[in-house]
Amino acid sequence: MMDGELLNRFRGYLFSFPGFKSTIALSILSIVFLSFINSRWGFLYFFEHYLVIYVISIGFYFISSMTHFKGLTLSRILFLGVVIVLFKGLFDILVLLFNVGSPLLNLSVFSTFSTLTFYFTNLEMEEELKPFLWGFMYPFVLLFSSITFFPPVSFPFLVKYTVTDTVGIVLAWIFLKYINFDLTKLKVNKLLKAFLINWLSNDYNVFEREIQNFSVETDGWIKVFGKRGSGYIIQTSFHPGPLRNIGGGVLIESIFNKEDSTGVFLYTHTATQHSLNPATHKDVSRITECLNQLRGEIQGIFNKSMGQPILVKGVYFNAMCIPFENTPLVIISKNGFGPDDMPFSINQLAEDIFTKAGFQNVLLIDSHNSMPVHDTWKEEYLKDLKFILKQCASRSIHEAKEMYQVGFGKKIIHARSVCDNGIRVVIFKSKSITAGIVMIDGNNMDRDFKKDVINLATTKGVEMCEVITTDNHTRNATGKYGDIPVGNLTNENAAILKAIDIAMEEALMNMGGGGMEYFKFHVPSIQVMGEEFFRLVEKALKTIGRKAILLFIPTITGPFIISLALSILG
């Protein structure tokens, strides 16, 4: 399965942009700094020159965004202006320092940069000519807007300028051809373009059409464990990914959208992996529509009593098991080892072990409450899980069962590490003990913060508590760091703990007679992304990712070298 850290680094390289105010400040500082560096040739002269380049660049890109390249937003255009001014200033420093070339000729070197920018911000998937035409025009717009700062240009100069501009276009074409190779059914350039269209415009349709070239059909299920009018614990065999609003990336949101007067929803991640990501929005809708049955009069497997929760520790995993009479809840946590997700086959393993022990079914929860070491699945992990599950089943079947109360609570919070569905809490209280589950809508968790949440639960009288995250992928590829684990940003941890406190108070206030029911809904014929897609994408990232970055450097600087050579040759 794909290396998550590799993908996060790739996202970071592509999608890190400063904020609007920071961009404006950086623009001013860049223009002043570069003018000062070149002040021996006239500070005010270069200040006006760079300011004109910046303004004209913003205007040119803004006009292009209104007509063809709709992926160019104002903040992106302002940032592009900064990049262009910085490169122009750097090239000028080299030219003036070594007395080679011409600051005016330097304007021709931006054809490669502008062509690639226009290519990847063109939201028309099949249109490839326009980016090259606009990329070719841009240096000439800069030239005629800056001509007042330099002596009149001659015909030989215009020839050199046109040659440099054209070489830049050719280099851009070569670079795009290099990354546009086939890996079986995967066309790297086309997939990257579809991904960028999604990122730039939020249009998921283009990328989902590419995914469907690899998708495979499979059956799955949704399991529900809850009390009518109070709340439901929900999980599905499908994985909530890959990212943002693409396919299964909206799975968790779609589940919570079904939440209404039937009660508070609490989503739990089970043993499932990215190969089981639903391919399209249509597949997600078909998965979650079965939750509409909860509004009807369907009957589930009734659980009128619960036993004492037990803890089992293994080498790589720990488990907290809450043994209801028919449906135990088994929450698996990692000790910092192992892969991010457990294989789907672990669900059947748990079913076999617990039904053999005497239970009717089991709800297996992958807590995603720590940042594990990324690793491939190993045989020793499976042995450890088998041991833990057998211990949970054999010990919990003999636990004395008592009547219990249950309460659900929730609190929405706005935080960078917490997604839109906030905090959800369920608390079970018997005569012997109070146990609870805290769900945070996020992607993994800082282990120290998990301890803080458990300590908070203890102060509320919840003697045994486990903290889980949803593994929500809606905020992937939205910034430099990709996924931010819950609790990783210390400045917002107090607010998150406060929200958990409020949700716990609500759950304790809503305590009522037990009667949790178990439902399992069969979901047939869903298209999922499959293992082949991730295998090919990982191969593409590893084989051309670093090489493409290395090739990008001479591609961008090539026109500058050509301009120097033409100046030396006269």
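Colleague: Which residue in strand 14 is the bridge partner of I427?

Modeller: This is a predicted model, in which local features need pLDDT of at least 70 and side-chain atom pairs count only at pLDDT 80 or more, while totals for chains, interfaces and linings use all residues. Residues are numbered from 1 along each chain as its sequence is written, and side-chain values use heavy atoms, with hydrogens and water left out. Strand 13 and strand 14 form a hairpin with three residues between them, and the bridge partner that I427 finds in strand 14 is G436.

Colleague: How many bridges join strand 13 to strand 14?

Modeller: Two strands pair if DSSP finds at least two bridges between them. Strand 13 covers residues 423-430 and strand 14 covers residues 434-440, and the two run antiparallel. The number of bridges that join them is seven.

Colleague: Which residue in strand 13 stands opposite Q405?

Modeller: Strand 13 also pairs with strand 12, which covers residues 402-411, in the antiparallel sense and over eight bridges. Within strand 13, the residue that stands opposite Q405 is K429.

Colleague: Why is strand 13 described as largely enclosed by the rest of the structure?

Modeller: A residue is called buried when its relative accessible area is under 20%, exposed when it is over 50%, and partly exposed in between, using a 1.4 Å probe and protein chains only. Strand 13 is largely enclosed because, of its eight residues, the number that are buried is seven.

Colleague: What sense, parallel or antiparallel, does the pairing of strand 10 with strand 11 take?

Modeller: On one side of the comparison, strand 9 (residues 317-322) and strand 10 run antiparallel with six bridges between them, and a hairpin joins these strands through six residues. In that pairing, F317 has K334 of strand 10 as its bridge partner. Strand 11 (residues 363-366) is a further partner, with D366 standing opposite I332, and its four bridges to strand 10 are in the sense called parallel.

Colleague: How far apart are the closest N and O atoms of K460 and E505?

Modeller: K460 counts as buried because its relative accessibility is 18%, whereas E505 is partly exposed because its relative accessible area is 34%. These residues form a salt bridge, and the closest N and O atoms lie apart by 2.2 Å.

Colleague: How many salt bridges does the structure hold?

Modeller: Another of them is the pair of E466 and K450, whose side chains meet at 3.4 Å, N to O. E466 lies in strand 15 (residues 464-469) and K450 in helix 14 (residues 447-459), so this pair ties together parts that are 16 residues apart in sequence. Both E466 and K450 are buried, and the number of salt bridges held by the structure is 10.

Colleague: How many strands does the chain have?

Modeller: Helices (H or I, at least four residues) and strands (E, at least two) are DSSP runs, numbered from the N terminus. The chain has 570 residues, of which 57% are buried, and its C-alpha atoms fill a box of roughly 95 × 45 × 45 Å along the principal axes. Its secondary structure comes to 16 helices, and the number of strands is 17.

Note on methods:
A salt bridge is a side-chain nitrogen of Lys or Arg within 4 Å of a carboxyl oxygen of Asp or Glu.
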